[in-house]
Amino acid sequence: MVLAVDGSASVTYEEFGLIAGGMAAALRDPAVVEGLAGASLLALLLWSGTGQQDVITPWTRIATAADLAAFADGVDNMPRTVRAGATAIGEALLASLTLLAGVPAVPKRNIVNVIGDGRSNDGIAPGPIRDRMVTGGITINGLCILHEEPDLLASYTDEVIGGPGSFAVTCRAYADFAEAMRQKLTREVRGPIV
């Protein structure tokens with residue numbers, strides 16, 4: 001599973017902290033821990049505009065609850081290493097695809113989580129990259145933060161999410177992010193994630 005997080009200019013530093021803390025809290029949820037610990041691989045990708053994608057945490061095997069706790073600690077403290085520019089979701093998907101090409105095991109499922117608060121407005125269009133990933137059996141799910149773009153879910157549905165069992169969840173504001181992320185991860189871990 002790739003966690004691909006929006007670090008673009010529309011995300012303030014306070015909001016970025018809420019994303020990091022909310023993701024970490026969701027990863028520590030008992031149902032999520034039970035679903036991920038044992039045979040999962042996770043990677044954390046931060047992205048914004050064209051040429052601004054950074055692998056914050058490379059593939060990490062989650063064999064135990066302690067492994068997931070350590071990964072969650074890294075998420076909680078992730079640095080904002082990309083320039084806070086435009087929103088290049090297609091570039092984020094391409095970076096996720098590159099990450100998945102180097103996954104150190106034969107996966108049962110490949111999932112990319114695109115987490116953001118705006119539609120793509122820079123770089124390559126997300127739709128063709130999404131279609132290429134779906135053809136390869138990859139599932140792309142989304143978490144849309146609607147505080148600036150109330151219709152963002154429609155954009156994610158049309159251009160971003162796809163693949164077996166794909167879905168997107170929304171939250172109205174950053175204050176609701178942790179619960180939305182928990183619900184999303186809980187839904188994803190109903191099956192094996194490797």
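Reader: Which residues of helix H5 are buried?
Author: This is a predicted model: local features need pLDDT of at least 70, side-chain atom pairs count only at pLDDT 80 or more, and totals for chains, interfaces and linings use all residues. Residues are numbered from 1 along each chain as its sequence is written, and side-chain values use heavy atoms, with hydrogens and water left out. Helices (H or I, at least four residues) and strands (E, at least two) are DSSP runs, numbered from the N terminus; buried means under 20% relative accessible area, exposed over 50%, partly exposed in between (1.4 Å probe, protein chains only). In H5, the buried residues are Pro126, Gly127, Ile129, Arg130 and Met133.

Reader: What arc do they cover around the axis?
Author: The arc is taken from the directions that run from the helix axis to the C-beta atoms. These residues sit on the same side of H5, because their arc is only 165°.

Reader: Which exposed residues does the face turned away from the buried side of H5 carry?
Author: The buried side has its own cover, which includes H4, E4, E5 and H6. The face turned away carries Pro128, Arg132 and Thr135.

Reader: Through which helix does the chain cross from E5 to E6?
Author: E5 and E6 (residues 168–171) run parallel, joined by four bridges. Cys144 stands opposite Thr170 in E6. The crossover is again β-α-β and right-handed. The helix on the way, residues 152–159, is H6.

Reader: Within what arc do the buried residues of H3 fall?
Author: Leu68, Phe71, Ala72 and Val75 are the buried residues of H3. They line one face of the helix, because seen down the axis they fall within an arc of 100°.

Reader: How far is Leu42 from Phe71 in space, C-alpha to C-alpha?
Author: Leu42 is in strand E2 and is buried, at a relative accessible area of 0%. Beyond four places in sequence, Leu42 touches residues including Met1, Trp59, Leu68 and Phe71; contact means heavy atoms within 4.5 Å. Leu42 and Phe71 are 29 residues apart in sequence, while their C-alpha distance is 8.4 Å.

Reader: With which side chain does the side chain of Thr87 make a polar contact?
Author: Thr87 lies in the loop between H3 and H4 and counts as buried because its relative accessibility is 5%. A polar contact is a pair of N or O atoms within 3.5 Å; within protein, one must be able to donate a hydrogen and the other to accept it, and residues adjacent in sequence count only if both atoms are side-chain atoms. At 3.4 Å, the partner of Thr87 is Ser8.

Terms used
Pairing = 2+ DSSP bridges. Right-handed = clockwise from strand over helix to strand, strands pointing away.
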